[in-house]
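Me: I am new to this structure and would like to go through it step by step. Could we begin with a pair of strands?

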Amino acid sequence: MSILALRPASSSLRMNTIGAALVLLLAGTVLMLIQWVDIRREYTADAQAQARVIASSSAAAVMFGDAEGARETLAPLASVPAVRRAILHDNDSNPIASYPESVAGGPAAMGSPCGFDCAWVSAPVLLRDRQVGVVQLQIDMTRAHARLLGLGIAFCIASLVAYALAYPLMKRMRERVHGAEAQLRYLAHYDPVTRLHNRNAFNAQLESCRARGERMALIQLDLDRFKEVNDKLGHQGGDELLLQVGRRISGALGSEQYLFRLGGDEFALVLVGADAIARVHDTAESILGRFSAPFLVGGLSLGVTASAGISRWPDDAERLEELAANADIAMYCAKREGRNRVAVFEPRLREAQLARIGIRDALGQAIAAGQLELHYQPQVCARTGRLQGAEALLRWTHPELGTVPPSTFIPIAEEGSLIIELGRWVIAEACRQIAAWHGQGLGHVRLAVNLSMRQTRDEALPGFIDEVLDATGVPARCLELEVTESVLMEDTDLAVSQLARLRARGLQLAIDDFGTGYSSMAYLRRLPIDKLKIDMAFVQAVPGEGEAIATAILAMARAFGLSVVAEGVETAEQRDFFRHAGCQQLQGYFIGRALPAGTFASEWLEYPAGKEGLSVPSWDALPLAPR
Ligand code: C2E
Ligand code: MG
Ligand code: MG
């Protein structure tokens, strides 16, 4: 597999070292040149002064061609070691005297240019401001050179010492840079948690297959409810689980199958080659099968499942981004269909996804646009038929989409945080309605509202409900919260403590759709609940197999001191069964459909004894089994 290589930074480090040495050399050369100019200026300035002194004292000797007198003016130069030679001549360059006198060739040989180790300076010999001759001194520059050499040697030693001191530091730094480079190269293509290839490598793999025109199949895998593991065991526990998952999947891989961790709890498997592609569904199933044994994390045995989506290139997608997006769509479809399963991408899934996005966007505006409404479905006493309360059910009428059922929009709202806003609107509206009916003299009607999973996790929920109750003046006993069993099972600790807080405040709690989840007795005892709502499927299976289940649920509820509502009662037969079986409340189309507030008030609240046809006398006439 091709892995993109990073350009090693070590070569540029070497270049930097050479560059620094060259800069140092250049700086040294410039420094030495400046020093050389300085020293030379210093030496010649001294000699110049010397020449002026001699010129001023030899004017008469030069004027009169007095060689003896001129020699005497030059004689003090013997005590100036820097002056090698001197010559005095008139304006016509006729030498008059020289120093030392013994120069070979006499004074005439002295004006010649000298080598690198000496320099000439001169001064005019003036008599009453008129030049009568010139004095020239040849200075010995070997001492200046020696000074310069000393400086150069000191500079070199200082540079070498600095380099010797800096070298180990540079070496250590270079090693660190090497280490960081290796780490970067690793991180660029590997995931540090699972040690599998990462998303970069995944993209590179897809790209290289595409470039070779190779067909491929992609399995996108996502752990189910991974967030709960993370919340429960912390990120360390979550990482440990991901590592083990990666190992388990890797153990199932054959040739031409490449595994990647894309991030979070998302893994991807790329299959190339005709055989592997033909077996993609079996491969996905066998990977999910690998999750059947529990994972051991932090001393806990965890049952973990995953959902997988399959997409193929070029069959399902023209572009690579579409391939991954389609596998994702299929994977979310597997999640929605109950998790722990494989779904294969089909174009209709993309269309459904787009429709969901459209609904989600429209739903975001629904509250502000006043498109939401609550309808109220009566709940009556099974013995007397009297109204005991109502379930508030959300209705959405969109100007173009028409009436959208809650079974369509609630799951979409639950995918994001929209459900929190929606749920709060429902609670506030229900309380507002209770207060409004009370204000109309229709009494305090108890309303049940449905809470979804995310709402029970919203730590601000109890505070919000308190505020609404305070603001509307509705007594807490008038508000009932319905949660499904799965809500309590999946997020036990937080949900239970939140709901217990609300119940302590005086709210009623009911378990909705009871019987479809775990229904464990031990579990029921732990929960802060008042009521069970038998799932419609069991109620509607009466007469028939639903009877035994309903009887068992009623017995269990009685043992735990819980009241029971049979919901979805559609026939007189079902009503009679539940009355006789000792169920406390009934709800369903047979009793009454969910109605808008105005209709509900006129049909139910103005008949406190029960709706016509379900009036108290007719119910009382029905025989009841002893309780
Ligand atoms: P649910 O809470 O179990 O509500 C009962 C559903 O059964 C309602 O459907 C109701 O109209 C319907 N129903 C009542 N009696 C009968 C009957 O005799 N026969 C049949 N076949 N159906 C009956 P609806 O209003 O479509 O609501 C469906 C689900 O949507 C609700 O199930 C609830 O889970 C959810 N939902 C509705 N409103 C809200 C809400 O405000 N918040 C949340 N989170 N969920 C809501
Ligand atoms: Mg409900
Ligand atoms: Mg229900």
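Reply: β6 and strand β7 (residues 266-272) run antiparallel and are joined by six bridges. Strands here are DSSP runs of E of at least two residues, helices are runs of H or I of at least four, and both are numbered from the N terminus. Two strands pair if DSSP finds at least two bridges between them.

Me: Before we go on, what kind of model is this?

Reply: This is a predicted model, in which local features need pLDDT of at least 70 and side-chain atom pairs count only at pLDDT 80 or more, while totals for chains, interfaces and linings use all residues. Residues are numbered from 1 along each chain as its sequence is written, chains are lettered from A and ligands numbered from 1 in the order in which they are written, and side-chain values use heavy atoms, leaving out hydrogens and water.

Me: Which residue stands opposite arginine 261?

Reply: Phenylalanine 267 in β7 stands opposite arginine 261.

Me: And in what order do the strands of the sheet come?

Reply: The open sheet has five strands in the order β6-β7-β5-β10-β11, with mixed pairing. Its edge strands, β6 (257-263) and β11 (342-344), each pair on one side only.

Me: Which helix packs on it and touches β5, β6 and β7?

Reply: Helix α6 (residues 226-251) does, and its direction makes about 150 degrees with that of β5 (216-223). Contact means heavy atoms within 4.5 Å. Angles run from 0 to 180 degrees between N-to-C directions, with axes fitted as lines to C-alpha atoms, for helices over the stretch in contact.

Me: New topic: which residues of α19 are buried?

Reply: Gly546, Ala550, Ile553, Leu554, Met556 and Ala557 are buried in α19. Buried means under 20% relative accessible area, exposed over 50%, and partly exposed in between (1.4 Å probe, protein chains only). The face of α19 turned away from its buried side carries the exposed residues Ala548 and Ala559. Just after α19, glycine 561 takes a positive phi of about 70 degrees.

Me: Now the metals: what are the protein donors of the magnesium ion (ligand 3)?

Reply: They are Asp512 (OD), Asp513 (OD) and Glu567 (OE), which lie 2.1 to 2.3 Å from the ion. Donors are N, O and S atoms within 2.8 Å of the metal (3.2 Å for Na, K and Ca); water is not among the atoms, so sites may look incomplete.

Me: Which two ions does aspartate 512 bridge?

Reply: Aspartate 512 bridges the magnesium ion (ligand 3) and the magnesium ion (ligand 2), which lie 4.0 Å apart.

Me: Is aspartate 512 buried or exposed?

Reply: Aspartate 512 is buried, because its relative accessible area is 7%. Aspartate 513 is partly exposed, with a relative accessible area of 27%.
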